[in-house]
Amino acid sequence: MGIYELSIERFMALEEADCQARIRGAKAQLGERVAILGHHYQRQEVFQHADYTGDSLKLSREAAQSNAEYIVFCGVHFMAEVADIMTRPEQVAILPDLGAGCSMADMANLAKVERAWRELNEVLGDADQTITPVTYINSAADLKAFCGRHGGIVCTSTNARKILTWAWQQREKVLFFPDQHLGRNTAYRMGMALDEMVVWDFNLPRGGLTREQIKQAKLILWKGFCSVHQLFKPEHIDQFLAQYPETRIISHPESSFEVCQKSHEVGSTEYIIDVVTHSPPGTRWLVGTELNLVKRLAMTCAPQGIDVHFMSPNLCMCSTMYRTDPQHLLWVLENLVAGKVVNQIRVDAKEAEQARLSLQRMFDVS
């Protein structure tokens, strides 16, 4: 009897109602031994079973404070890595579907970042004395460890402003990865001119930049992006305002510069939820972030007389997040009931130690 005795194939054809009932049953059997974490972008059929809901960092912190032996993260790979780094050694982090990744996180891997660091070092003389590396929480554990080794730090969409302020206090330049838009939107709203920023194209030698561009830049932005948030366009805002001119616009900072410039409010998922839910009755909002979150927000706000609309005329859901379905969640839970752990996420001990350095710097700053 091996660890995969309860194979995933046995679960994929289950009817929805049966699957949901068995999830509830497995949760009841496991009790406090398991904590299910549900990210805001998760589909409702899975989200409804979460013991903790929120953004990725908040969820990992809550998991670490729980008594659960098993942390089942209904999110994507980098989130489960953060949970493994932040939870106690005896706690086990699990990702229901190993295919649930993040295309933006994948745009910056360790090999590309280390090559960029070497090339920057050749231009600037000593990158460790002139550049603070900042990685968005939406990145692999080895990049958080890279920042730990090089005096760098992690940021979230909530604390990016504080983190960038700290980073420039340490050194004159910042290398920001993997999301160029969060870096650009945050720095611009802090008062930095666009011509003080450059974009590092990781597919080109020296990022496609001249030596002079690198020397003059204060912010070096990695050419990465969130495919979901890039589907929002300024014309979507213009078209909606033509029909409903009283509408307030709110966007996530992973959206393009042009979209954020047309928005009345820009902030993290938690910020968006807080601002919209606490607005006066009769307010109409056009929201630029992931579809599952917006649909959930619209349902919550409707009884309060707050109208919430999705910015794009096309469906914009996180396809990799969507891979976590009720069948995969049930598979994980029933294996745990049977005494088996599937899809455990383990970060190498040395890598985790270095990643904690950059995470701890973030906690100290923010």
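This is a predicted model: local features need pLDDT of at least 70, side-chain atom pairs count only at pLDDT 80 or more; totals for chains, interfaces and linings use all residues.
Visitor: How many aromatic pairs does the structure hold?
Guide: Rings pair if their centres lie within 6.5 Å. By that cut-off, the count of aromatic pairs is seven.

Visitor: Is the pair of F177 and W222 stacked or edge-to-face?
Guide: The ring centres are 6.1 Å apart. The planes meet at 65°. Planes over 60 degrees apart count as edge-to-face. So the F177 and W222 pair is edge-to-face.

Visitor: How many residues apart in sequence are the parts that F177 and W222 tie together?
Guide: F177 belongs to strand 7 (residues 173-177). W222 belongs to strand 9 (residues 219-222). The pair therefore ties together parts whose separation in sequence is 45 residues.

Visitor: Are F177 and W222 buried or exposed?
Guide: The cut-off for buried is under 20% relative accessible area. F177 and W222 are both buried.

Visitor: What is the angle between the planes of F232 and F310?
Guide: Both residues are buried. Their rings form an edge-to-face pair, 5.7 Å centre to centre. The angle between the planes is 80°.

Visitor: Where do F232 and F310 lie?
Guide: The pair ties together parts 78 residues apart in sequence. F232 is in the loop between strand 9 and helix 12 (234-243), and F310 is in strand 13 (residues 307-310).

Visitor: Which residue has its charged end over the ring of F47?
Guide: The charged end sits 3.6 Å from the centre of the F47 ring. It belongs to R296.

Conventions. Residues are numbered from 1 along each chain as its sequence is written. Side-chain values use heavy atoms; hydrogens and water are left out. Rings of Phe, Tyr and Trp (its six-membered ring) pair if their centres lie within 6.5 Å; planes under 30 degrees apart count as stacked, over 60 as edge-to-face and the rest as tilted. Helices (H or I, at least four residues) and strands (E, at least two) are DSSP runs, numbered from the N terminus. Buried means under 20% relative accessible area, exposed over 50%, partly exposed in between (1.4 Å probe, protein chains only). A charge sits over a ring if NZ of Lys or CZ of Arg is within 6 Å of the ring centre and within 35 degrees of the ring normal.
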